[in-house]
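Here are my notes on this one, in the order I'd go through them with you. Have the viewer open and click along.

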Amino acid sequence: MDNDTLYSIGDAARRSGLSVSAVRFYADTDTVPPTHLTDAGHRLYDVDTIARLELVRTLRELDTDLNGIRRLLKGHTTLHDLLTTHLEIVLDQERVLRARTAVLRTLIKQGATPTRADLMHQLVTMTDEERERIIEDFWNDVAHGLDVPDGFVDRLRTMRPHLPEDPTPTQLQAWIELADLVRDPAFRDAVRTYLHQTYSTGVGRDIASPPFQHFMYESGVPLVEEVLAAHRAGEHPRSARAQRAVIALMEAAMELSEAPLTPEARNRQAEGFRLIPELERQIAEEDAQSTDPVYDHTHGRYLDLMALINDTPPDEDTLPYAWIADAMSAPEPHQP
């Protein structure tokens with residue numbers, strides 16, 4: 001195009017990729033005025049003005065706000081600032097669409113009613129403070145009247161979902177399900193019943209005690225990791241490294257009961273590890289037939305959904321029970 005040539009509105013429309021009516025609209029709204037008006041009132045455009053029309057077309061195809069485009073063309077903002085602002089708007093729209101998608105999928109899966117649709121919408125549009133309050137109310141209710149060792153529920157309540165600022169559809173759907181569950185009185189009662197039946201008496205109460213919990217989640221963690229590291233390294237269970245690791249773990253565990261690590265204690269712990277797979281199988285069978293609240297449907301479901309929301313990778317490593325048991329067994333006494 002010749003820089004000095006003036007083009008009719010039809011040519012300007014064709015060269016900019018706009019319709020004649022669009023070019024006329026942008027002229028009438030003072031977005032892109034024509035370069036010249038003839039005595040007969042015909043609009044004429046030079047190459048610079050047509051380039052501005054092309055920019056307007058591009059930005060409008062990106063759904064950029066027209067007022068923002070006018071500020072840009074009048075020199076009141078920069079293209080970088082305009083595009084940055086528009087990107088923020090698009091990202092907000094994307095988040096809204098993801099939230100709506102999660103609501104629709106959940107409604108289709110669980111059944112749709114007007115009341116439930118409104119509830120789903122409320123759940124995904126909550127603030128961080130409102131989400132925290134729902135979880136806090138849940139644990140306060142579960143803990144009410146629960147006879148378990150001091151501090152146990154406080155540790156459980158630290159395991160919380162944290163929906164990120166830019167959640168995936170999976171995270172949103174998990175949050176909708178979890179928020180719906182923790183507000184349900186029946187689910188709260190089921191979790192309270194499960195925790196009471198599991199941790200109020202016997203071995204369960206010992207496991208929930210502060211010393212045992214501290215060992216499980218703090219002091220014992222590096223000791224267990226060293227045992228697993230020896231296994232992953234291909235160490236024989238009777239190797240020096242494996243023995244150092246497993247003895248350190250067993251000694252720390254025996255301190256909980258203030259008992260010495262005797263050969264008999266080592267063999268009891270080893271036998272316990274050998275029985276774990278069978279015990280897990282029996283528990284799974286009993287849970288499948290039980291009419292009482294069970295882990296997978298109560299606290300376990302809470303933790304599964306929390307892991308999805310927090311994008312915590314599942315622990316797919318299977319503990320090497322047989323290897324640990326062989327390492328724990330007391331060595332055979334030397335024959336004279």
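This is a predicted model: local features need pLDDT of at least 70, side-chain atom pairs count only at pLDDT 80 or more; totals for chains, interfaces and linings use all residues.

1. Setting aside residues up to four places away in sequence, Arg-157 touches Glu-136, Trp-139, Asn-140 and Ala-143.

2. One of those contacts is a salt bridge: the side chains of Glu-136 and Arg-157 meet at 2.9 Å, N to O. This pair links distant parts of the chain, with Glu-136 in helix H7 (residues 128-143) and Arg-157 in helix H8 (residues 152-157), 21 residues apart. On the burial side, Arg-157 is buried at 14%, while Glu-136 is partly exposed with a relative accessible area of 27%.

3. Helix H7 turns up again in the next pair. Arg-188 and Asp-141 meet through their side chains in a salt bridge of 3.2 Å, N to O. Here Arg-188 belongs to helix H10 (residues 185-199) and Asp-141 to helix H7, and the two are 47 residues apart. Arg-188 counts as buried at 13% relative accessibility, whereas Asp-141 is partly exposed at 29%.

4. Through shared partners, Glu-132, Glu-136, Asp-154, Arg-157 and Arg-160 are joined by salt bridges into one network. How many salt bridges does a search of the whole structure find? The count is 19, so treat the pairs above as a selection, given that a salt bridge needs a Lys or Arg side-chain nitrogen within 4 Å of a carboxyl oxygen of Asp or Glu.

5. On to helix packing. Helix H13 (residues 221-232) and helix H14 (residues 240-255) have axes that come within 9 Å and cross at roughly 155°. That makes H13 roughly antiparallel to H14, because angles over 145 degrees count that way. The crossing of H13 and H14 is left-handed. On the H13 side the contact is made by Leu-223, Val-224, Glu-226, Val-227, Ala-229 and Ala-230, and on the H14 side by Arg-241, Ala-242, Ala-245, Val-246, Ala-248, Leu-249 and Ala-252. By type, the residues of this contact split into 11 nonpolar, no polar and two charged.

6. What is the packing angle of helix H1 and helix H2? Helix H1 (residues 9-16) and helix H2 (residues 20-28) pack at about 105°, and their axes are 8 Å apart. H1 and H2 are therefore roughly perpendicular to each other. In this contact Ile-9, Gly-10, Ala-13 and Ser-16 of H1 meet Val-20, Val-23 and Arg-24 of H2. The breakdown for the contact of H1 with H2 is four nonpolar, two polar and one charged.

7. Two backbone entries for your checklist. Most residues other than glycine have a negative phi. Asp-30 is not a glycine, yet has a positive phi of about 65°; Asp-30 is in the loop between H2 and strand E2 (36-37), and is partly exposed at 39%. Glu-258, also not a glycine, has a positive phi of about 55°. Glu-258 lies in the loop between H14 and H15 and is exposed, with a relative accessible area of 75%.

8. Last, a look at Leu-55, found in helix H3 (residues 47-61). Leu-55 is partly exposed, with a relative accessible area of 29%. Leaving aside neighbours within four places in sequence, Leu-55 is in contact with Leu-72 and Leu-73. The C-alpha atoms of Leu-55 and Ile-69 are separated by 9.1 Å, and these two residues are 14 apart along the chain.

Note on methods. Residues are numbered from 1 along each chain as its sequence is written. Side-chain values use heavy atoms; hydrogens and water are left out. Axes are lines fitted to C-alpha atoms, for helices over the stretch in contact, and angles run from 0 to 180 degrees between N-to-C directions. Helices (H or I, at least four residues) and strands (E, at least two) are DSSP runs, numbered from the N terminus. Angles under 35 degrees count as roughly parallel, over 145 as roughly antiparallel, 65 to 115 as roughly perpendicular and the rest as oblique. A crossing is left-handed if the near helix is turned anticlockwise from the far one by less than a right angle, and right-handed if clockwise. Contact means heavy atoms within 4.5 Å. Ala, Val, Leu, Ile, Met, Phe, Trp, Tyr, Cys and Pro count as nonpolar, Asp, Glu, Lys and Arg as charged, and the others, Gly among them, as polar. Buried means under 20% relative accessible area, exposed over 50%, partly exposed in between (1.4 Å probe, protein chains only).
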